[in-house]
Amino acid sequence: MASGRTGQEGCQVNVGQMERLASVIAGGTILMTMGGLRSLRGAAATAIGAGLIWRGLSGHCGLYQRLGVDTAEQESSAAAGRMES
């Protein structure tokens with residue numbers, strides 16, 4: 001997973017590392033368990049699972065962006081605080 005921030009506003013990393021890992025694991029689990037269903041439920045599970053994997057790999061969450069949430073920055077601020085102590 002790439003770390004750091006990009007210069008483009010739309011692709012800014014705003015999801016912390018642990019949350020990114022959890023997103024990839026949850027997305028993969030959803031795809032493996034329900035993604036193969038040939039129904040509306042299976043299509044929805046595929047979309048949600050793929051979205052979670054994308055969120056984890058890219059480190060960007062559109063909802064977080066709209067709400068002004070940045071857990072990646074909170075994580076780096078906490079790490080900096082631990083280093084100063």
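Modeller: Helices (H or I, at least four residues) and strands (E, at least two) are DSSP runs, numbered from the N terminus. Ala-47, for example, lies in helix α2. This is a predicted model, in which local features need pLDDT of at least 70, side-chain atom pairs count only at pLDDT 80 or more, and totals for chains, interfaces and linings use all residues. Residues are numbered from 1 along each chain as its sequence is written, and side-chain values use heavy atoms, with hydrogens and water left out.

Biologist: How many helices and strands does the protein have by that rule?

Modeller: The protein has four helices and zero strands. From the N terminus on, the order of elements is α-α-α-α.

Biologist: Why is Ala-47 called exposed?

Modeller: A residue is buried under 20% relative accessible area, exposed over 50%, and partly exposed in between (1.4 Å probe, protein chains only). Ala-47 has a relative accessible area of 53%, and therefore it is exposed.

Biologist: What makes Gly-51 partly exposed?

Modeller: The relative accessible area of Gly-51 is 37%, so this residue is partly exposed. Gly-51 also has its place in helix α2.

Biologist: How do you know that the length of helix α1 agrees with its number of residues?

Modeller: The expected span of a helix is 1.5 Å times one less than its number of residues. Helix α1 (residues 17-34) has 18 residues and should therefore span 26 Å; its end C-alpha atoms are 26 Å apart, which agrees.

Biologist: Which residues of α1 are buried?

Modeller: Arg-20, Ser-23, Gly-27 and Gly-28 are buried in α1. Seen down the axis, the buried residues of α1 fall within an arc of 120°, so they line one face of the helix. The arc is that of the directions from the helix axis to the C-beta atoms. The face turned away from this buried side carries the exposed residues Met-18, Ile-25, Met-32 and Thr-33.

Biologist: What covers the buried residues of α1?

Modeller: The cover includes α2 (40-58). Contact here means heavy atoms within 4.5 Å.

Biologist: What makes Arg-55 lie over the face of Tyr-64?

Modeller: A charge sits over a ring if NZ of Lys or CZ of Arg is within 6 Å of the ring centre and within 35 degrees of the ring normal. Arg-55 lies over the face of Tyr-64, at 5.1 Å from the ring centre.

Biologist: Why is Glu-75 called partly exposed, and which residues does Glu-75 touch?

Modeller: Glu-75 has 32% relative accessibility and therefore counts as partly exposed. Glu-75 is found in helix α4 (residues 71-84). Not counting residues up to four places away in sequence, Glu-75 touches Gly-16, Gln-17 and Met-18. The C-alpha atoms of Glu-75 and Gly-16 are separated by 6.1 Å, although these residues are 59 apart along the chain.

Biologist: What share of the protein is buried?

Modeller: Buried residues make up 24% of the 85 residues in the protein.
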